[in-house]
Amino acid sequence: MSTTLHDPRLQDPTLQDPKVTHDPHDLHALRAGFTHEAYGSQAVFRAALDALSRPGRLVSIGDVSELPRAGYGAAAALLLALLDADCTLWLSASLRRGDAGAWLRFHTGCQLVEDIGAAQFAWVARGDMLPALDSLRCGSDEFPDHSATCIIEVGSVNDGGASSVTDSSHADSSGWTLTGPGIAHAQHISVPDLDCGFVPQWQHNHSLFPRGVDVYLATRQHVLGLPRTTRITIGTEA
């Protein structure tokens, strides 16, 4: 089962500029990576670990790099810190058409793949079709670390804290309840961009533990971690 994320281009004209054209394969047109490679990479890597260790809490990525034109900044910076030459990356349709792939390959040496089942990382732009979670690598009982990490862009996340990112173009949903390691009791969040089809997929993913996919939800400047150990139920009761 797959689901569609809401397309921000319908509400946000800043994401489309017909006057700007570029060749995504032109190395001269690619933007720089981290402003300070060591410090920037370390800061984002710490944020990535923090997000997975505290599931359901938004973590700021900050303004740490010069970003590609395609995709959200937090997602791009996260992958810039996590990828290296041994990693394989799958991109959703709009990202494949833009400069994101060339930008990440130039700065990290990662290999782009068309088969999502061969990817160690997947990046799904807001508005693109979200692939079924069970189409990604889930590892094995012997090697659960041989699984994929999926970064999903969303326009709005409410984690109940001051860092909540809201999008007035979408009404709030009933929300999810998160429980599991890293969560003291229960964490309540709402993600209007993800429809009800995501939760059953996640519940199946959770049942595969120690196998399974880890997910980051990325807004423009924040990420929220959903490790495979996290249990999600619909509504405000665990």
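Which residues in H2 meet which residues in H4? In this predicted model, the H2 side of the meeting is made up of Ala 76, Leu 79 and Leu 80. Across from them, H4 brings in Trp 103, Leu 104, His 107 and Thr 108. Sorted by type, the residues of this contact come out as five nonpolar and two polar, with no charged ones.

Two packed helices are described by the angle between their axes and the distance between the axes. Here, H2 covers residues 73-82 and H4 covers residues 100-108. The angle between them is about 30°, and their axes lie 9 Å apart. Angles under 35 degrees count as roughly parallel, and that is why H2 is described as roughly parallel to H4. As for handedness, H2 passes H4 in a right-handed crossing.

Just past the end of H4 sits Gly 109, with a positive phi of about 80°.

Next comes the loop between S3 and H3, where Ser 92 is found. Is Ser 92 buried or exposed? Its relative accessibility is 1%, so Ser 92 counts as buried. With neighbours within four places in sequence left aside, Ser 92 is in contact with Trp 123, Val 124, Ala 125 and Asp 128.

Now for the charged pairs. How many salt bridges does the structure hold? There are five, including one between the side chains of Asp 50 and Arg 54, at 3.1 Å from N to O. Both partners sit in the middle category: Asp 50 is partly exposed at 27% relative accessibility, and Arg 54 is partly exposed at 38%.

Another salt bridge joins the side chains of Arg 126 and Asp 193, with an N to O distance of 2.7 Å. Arg 126 belongs to the loop between strand S5 (121-124) and strand S6 (129-130), while Asp 193 belongs to the loop between strand S9 (187-189) and helix H5 (198-207). The two are 67 residues apart in sequence, so this pair ties together separate parts of the chain. Arg 126 and Asp 193 are both buried.

A further salt bridge pairs Asp 141 with Arg 211, whose closest N and O atoms are 3.6 Å apart. This one also links distant parts of the chain, 70 residues apart. Asp 141 sits in the loop between S6 and strand S7 (149-153), and Arg 211 in the loop between H5 and strand S10 (214-218). What about their surroundings? Asp 141 is exposed, because its relative accessible area is 52%, whereas Arg 211, at 27%, is partly exposed.

The loop between H5 and S10 also contains Pro 210. Which residue is joined to Pro 210 by a cis peptide bond? The partner is Phe 209, and omega for this bond is about 15°.

Key: Residues are numbered from 1 along each chain as its sequence is written. Side-chain values use heavy atoms; hydrogens and water are left out. Axes are lines fitted to C-alpha atoms, for helices over the stretch in contact, and angles run from 0 to 180 degrees between N-to-C directions. Helices (H or I, at least four residues) and strands (E, at least two) are DSSP runs, numbered from the N terminus. Angles under 35 degrees count as roughly parallel, over 145 as roughly antiparallel, 65 to 115 as roughly perpendicular and the rest as oblique. A crossing is left-handed if the near helix is turned anticlockwise from the far one by less than a right angle, and right-handed if clockwise. Contact means heavy atoms within 4.5 Å. Ala, Val, Leu, Ile, Met, Phe, Trp, Tyr, Cys and Pro count as nonpolar, Asp, Glu, Lys and Arg as charged, and the others, Gly among them, as polar. A salt bridge is a side-chain nitrogen of Lys or Arg within 4 Å of a carboxyl oxygen of Asp or Glu. Buried means under 20% relative accessible area, exposed over 50%, partly exposed in between (1.4 Å probe, protein chains only).
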